[in-house]
Amino acid sequence: MFVVQSAPPANSIRDDEGNYYENEEIAAAGSVASIMNDNGTTYYASFEAAMEKVTEGDTLNLWKDVRLAPQDSGDDFINLPSNVTLNGNGKTITADTSNWSGEDRHVIGIDNAADVTVQNLKIVGDYTEDADDPKVKAGIHAFNSTDVTILDVEITNCGTVGLQINGSTVTATELDIGESGWSCSVNVDDGNATVTPKFTFNSGTLSDDVQIYTELTDVTNVITVGAGTGLKPVNSGGNSGDPTGLKGFLYYTDDPAKLGEAYNATTNTVYETVEEALEKAQPGDTVEVVKDATLDTGDTIPENVTL
């Protein structure tokens, strides 16, 4: 039962119907979300209703787990404007695409924005190994945005990657990603945006086989990983025109065996197959077999190459 005050109290705790509450605990108990700003705190019976009211300078709090369907308007399930914090308070947003036949969408979109924070939240997409046509792309997509902060966030079961960075500056701490449709946790690209991409990964667990990858050829000051993550950059065989495989991209991994069968320690390059690694090896190179592999009887080890 709610305790409703007839006159506005000093702390201005109210719901979207204009009722004022004695304290935040009472207000939050019957609400799904709230918006906090300089004018006080307003509580909402649905997350969608709160999202419609979010403006710059707000903190959007989630108080209950929600299943969220795509909206007819907007590019993504949730679109966060500049100078907004989304605080999940340990709750979960699950993408519900059961009645959606429109275009694939990201769960959270941060487009052309600045100073956006997503924290204390779990995001669950609609991807499973048996899914014929997942409608969720990335859990979080940052496009042409600056100073995006991700703190204590878990992203699972998204159809492409967990975190997609296109021409944005993003800092992530305590970020956990797994079970992504592309078996990739994070992708960093310029996205044809005007902002130079920069990703700082301080801590967390990226459990997909491909942990971080980028198509960018010049990655100077683009990707920074914390020492505790165990991630290191490696080059890869293949080229961008290949329909599948490593495509010659730069990867950050804690184990080359997650990416391929062989690793050239001299050139810091991982290859999908031992055969390809030997074909590309030069005199003086050392090729390491990092997981079980099969060689054809005609395969040879080049002269002055250590296998």
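1. Phe199 is buried, at 0% relative accessibility. Buried here means under 20% relative accessible area, exposed over 50%, and partly exposed in between, with a 1.4 Å probe and protein chains only. Phe201 is likewise buried, at 1%. Residues are numbered from 1 along each chain as its sequence is written, and side-chain values use heavy atoms, with hydrogens and water left out. This is a predicted model, in which local features need pLDDT of at least 70 and side-chain atom pairs count only at pLDDT 80 or more, while totals for chains, interfaces and linings use all residues.

2. The structure holds three aromatic pairs. Rings of Phe, Tyr and Trp (its six-membered ring) pair if their centres lie within 6.5 Å; planes under 30 degrees apart count as stacked, over 60 as edge-to-face and the rest as tilted. Phe199 and Phe201 form a stacked pair, because their ring centres are 6.1 Å apart and their planes meet at 25 degrees.

3. Tyr213 and Phe249 are stacked too, at 5.6 Å centre to centre and 20 degrees between the planes. Tyr213 sits in strand β19 (residues 210-214) and Phe249 in the loop between β21 (232-236) and β22, so the pair ties together parts 36 residues apart in sequence. Helices (H or I, at least four residues) and strands (E, at least two) are DSSP runs, numbered from the N terminus. Tyr213 is buried at 11%. Phe249 is buried at 14%. Ring pairs join Tyr213, Phe249 and Tyr251 into a cluster.

4. Now the parallel strands. Strand β8 (residues 78-79) and strand β10 (residues 108-111) run parallel and are joined by two bridges. Two strands pair if DSSP finds at least two bridges between them. Ile78 stands opposite Ile108 of β10. β10 also pairs with strand β12 (residues 140-143), again in the parallel sense, over four bridges. There, Ile110 has Ala142 of β12 as its bridge partner.

5. How many salt bridges are there? The count is five. The criterion is a side-chain nitrogen of Lys or Arg within 4 Å of a carboxyl oxygen of Asp or Glu. One of them joins Asp104 and Lys135, at 3.7 Å from N to O. This pair links distant parts of the chain, 31 residues apart: Asp104 is in the loop between β9 (84-95) and β10, and Lys135 is in the loop between β11 (114-124) and β12. Asp104 is partly exposed at 32%, whereas Lys135 is buried at 14%.

6. Glu154 and Lys122 make another salt bridge, at 3.9 Å from N to O. Glu154 lies in strand β13 (residues 146-156) and Lys122 in strand β11, so distant parts of the chain, 32 residues apart, are linked. Glu154 is partly exposed at 31%. Lys122 is partly exposed at 30%.

7. Glu276 forms a salt bridge with Lys280, with the closest N and O atoms 3.9 Å apart. The two residues are four apart in helix α3 (residues 274-280), which means that about one helical turn separates them. Glu276 is buried at 17%, while Lys280 is partly exposed at 43%.

8. Glu261 is found in the loop between β22 (250-253) and β23 (262-264). A polar atom of the Glu261 side chain lies 3.1 Å from the backbone nitrogen of Val274. Leaving aside neighbours within four places in sequence, Glu261 is in contact (heavy atoms within 4.5 Å) with residues including Tyr271, Thr273, Val274, Glu288 and Lys291.

9. Asp189 is a second case to check. Asp189 is in strand β16 (residues 184-189). This residue is buried yet has no salt bridge, and the nearest side chain of opposite charge, Lys247, is 12 Å away. Not counting residues up to four places away in sequence, Asp189 touches Ile165, Asn166, Gly167, Pro197, Glu215 and Leu216.

Technical notes
Polar contact = N/O pair within 3.5 Å; in protein donor to acceptor, adjacent residues only side chain to side chain. Lys, Arg positive; Asp, Glu negative; His and termini not counted.
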